Amino acid sequence: MEVETITENQKVKTAKKLKKMFGHMDRRQMEYCPIRDVMALASDKWSILIILYLGYYPVMRFNLIKKRVYGISNKVLSERLKTLEGDGYLKRTMYPEVPVRVEYELTHFGHSYLQKLIELSEWATQYSDQVIRNRKRFQKRQR
């Protein structure tokens, strides 16, 4: 039997926060949703890993990021870096050397987001075994 860890007080606080987030929105306001617009671009699996690695290695070049973010293609990495730079999460510095050296680092804004990602990553690590058990249980029910 799973132990319920969320208290009624936490549920009430969460409900209030969600009401504040969504309760005032009418149909027109829902067309532009800051959660969808901002979070979608910075919360895909590749962007999260890029930001986490830039938090661990304060300055990285393209090839080191590609090496650390296992499985990402050059094209996708380039796209994500441009998007993250455009949204202000990271800074790209190009040095006029031969060959040209380009380095990436988190901005102050990027560091503030990193703190939230660390909390989410800790939560994911804490509950990963439970998620795997839930998946297996679900898959058995689907057969």
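## Ser 47

Ser 47 sits in helix H4; helices here are DSSP runs of H or I of at least four residues, strands are E runs of at least two, and both are numbered from the N terminus. In this predicted model, local features need pLDDT of at least 70 and side-chain atom pairs count only at pLDDT 80 or more, while totals for chains, interfaces and linings use all residues. Residues are numbered from 1 along each chain as its sequence is written, and side-chain values use heavy atoms, with hydrogens and water left out.

Ser 47 is buried, at 0% relative accessible area. Buried means under 20%, exposed over 50%, and partly exposed in between, with a 1.4 Å probe and protein chains only. Leaving aside residues up to four places away in sequence, Ser 47 touches Leu 41, Ala 42, Arg 80 and Leu 84. Contact means heavy atoms within 4.5 Å.

## Helix H4

Trp 46, Ser 47, Ile 48, Ile 50, Ile 51 and Leu 54 are the buried residues of H4.

A side-chain oxygen of Asp 44 comes to within 3.0 Å of the backbone nitrogen of Trp 46, at the start of H4.

## The chain

The protein chain has seven helices and three strands. Their order along the sequence is α-α-α-α-β-α-α-β-β-α. Of the 143 residues, 20% are buried.

Technical notes: Polar contact = N/O pair within 3.5 Å; in protein donor to acceptor, adjacent residues only side chain to side chain.
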